[in-house]
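Grab a pencil and open the structure viewer. Let's work through a few exercises together, one step at a time.

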Amino acid sequence: MTDAVAALGELVPVALAFGAGAVFARRKIIQAQDSRIFSDFAFLFAIPCYLFGNIYASDLRVLFDWQAIGGYAATAALATVVVGVTARRLGKSSRGVAMRIMAGVQVNTAYFAVPVFVMLFGDAAPIFPILLLQVCLLTVVVISIMEFDGADHEAEDAEGSGRAAKLGRAVWASLNTPVVLACNLGIVLNLLSVRMPGPVLDGFAFVGAAAAPVALFALGLHLGGTGIAVRATTKEEIALIGFKCVVFPLAVYALCGWVFEVERPWLDYLVLIAAMPAPQNLFIFAQRYRVDEELSASLVVKSSVVTLILLPLWVQVVHT
């Protein structure tokens, strides 16, 4: 009982920042559409500042636990196969399969995992290796399926835009985000032992301190202003949300803990990362490739709500 109360206590800052955003949106104190301003500030500036400063000052030998990363990668690969084969057997198109893989396996790192980790552990640096794995491998797989799906190839080739060139641009765009660039810069300067002036690092820390509360406030604004039609939730949505929010983190816990023998605190980090909701990029990709847009938007919103509900449970799991 004491552990449960302690776990809930750790989530008070998360609930406060998120709840304030939701209340402000519902009461129209701040318009829900303005959440983009807050999320852009967090994603483009505050979170990169936070990650750069922390990775620059980290011991990379501790940060890159290859046993933990390998265990998570293997579990994600298995989950990708399960979701992909199931979707294919249900008659989904190649692009539909890719969207469901993204919904079931990838996680919302920048907008959700980073602020939650900062609030719970005071450090979001352990997310970075998984972020790189997701961007450099899982997202590339999804983009590849999207680009090489045969639906629009002839029209694209007629316009003079080759598939290989489009794939290259899409992959480069995913690697060229501020979050990834900040992390890579932090690693390079760390490895080269470049000495950064103290006031500069203090500046990054000052801006980075706003990352978690602003990101959670933006998420609350967005969800508070979104009409979530629970009764209209389809069986497929329930299955995908259940897989993402329950099955996948349990699989990470089992495989990483028992098969790959990942020790704590890394096992705790991996389970919480896996328990994060579907990424916001899911809807962006759905719009870009014109596939399952309504389903994708619904999964992003509803998986975020379910994650918030289940978060105390997962915090309790990793603290036992």
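This is a predicted model: local features need pLDDT of at least 70, side-chain atom pairs count only at pLDDT 80 or more; totals for chains, interfaces and linings use all residues.

**Exercise 1.** Decide whether Leu 120 is buried or exposed, and find its place in the structure.

*Solution.* Start with the location: Leu 120 sits in helix α7, which covers residues 109-121. Next, take its relative accessibility, 12%. The cut-off for buried is under 20%, so Leu 120 counts as buried. Finally, look at Pro 13: along the chain, Leu 120 and Pro 13 are 107 residues apart, yet 9.0 Å separates their C-alpha atoms.

**Exercise 2.** Work out how helix α5 is oriented relative to helix α6, and what kinds of residues make up their contact.

*Solution.* First, find the two helices: α5 is residues 66-89 and α6 is residues 94-105. Their axes lie 9 Å apart, at an angle of about 140 degrees. Now compare that angle with the cut-offs: roughly antiparallel needs over 145 degrees, and roughly perpendicular runs from 65 to 115. The angle of about 140 degrees therefore makes α5 oblique to α6. The crossing of α5 past α6 is right-handed. On the α5 side, the contact residues include Ala 76, Val 83 and Arg 88, while α6 brings in, among them, Val 97, Arg 100 and Ile 101. Sort the contact residues by kind and you get 7 nonpolar, 3 polar and 2 charged.

**Exercise 3.** The structure has 13 aromatic pairs. Take Phe 24 with Phe 217 and say what kind of pair they form.

*Solution.* Two values describe a pair of aromatic rings: the distance of the centres and the angle of the planes. For Phe 24 and Phe 217 these are 5.7 Å and 80 degrees. Planes over 60 degrees apart count as edge-to-face, so that's what this pair is. Then check where the partners sit: Phe 24 is in helix α2 (residues 12-26) and Phe 217 in helix α13 (residues 211-224), so the pair links parts of the chain 193 residues apart. As for accessibility, Phe 24 is partly exposed at 29%, whereas Phe 217 is buried at 14%.

**Exercise 4.** Do the analysis again for Phe 41 and Phe 45.

*Solution.* The ring centres are 5.9 Å apart and the planes meet at 75 degrees, so Phe 41 and Phe 45 are edge-to-face. Phe 41 is partly exposed at 33%, and Phe 45 is partly exposed at 42%.

Methods
Residues are numbered from 1 along each chain as its sequence is written. Side-chain values use heavy atoms; hydrogens and water are left out. Helices (H or I, at least four residues) and strands (E, at least two) are DSSP runs, numbered from the N terminus. Buried means under 20% relative accessible area, exposed over 50%, partly exposed in between (1.4 Å probe, protein chains only). Axes are lines fitted to C-alpha atoms, for helices over the stretch in contact, and angles run from 0 to 180 degrees between N-to-C directions. Angles under 35 degrees count as roughly parallel, over 145 as roughly antiparallel, 65 to 115 as roughly perpendicular and the rest as oblique. A crossing is left-handed if the near helix is turned anticlockwise from the far one by less than a right angle, and right-handed if clockwise. Contact means heavy atoms within 4.5 Å. Ala, Val, Leu, Ile, Met, Phe, Trp, Tyr, Cys and Pro count as nonpolar, Asp, Glu, Lys and Arg as charged, and the others, Gly among them, as polar. Rings of Phe, Tyr and Trp (its six-membered ring) pair if their centres lie within 6.5 Å; planes under 30 degrees apart count as stacked, over 60 as edge-to-face and the rest as tilted.
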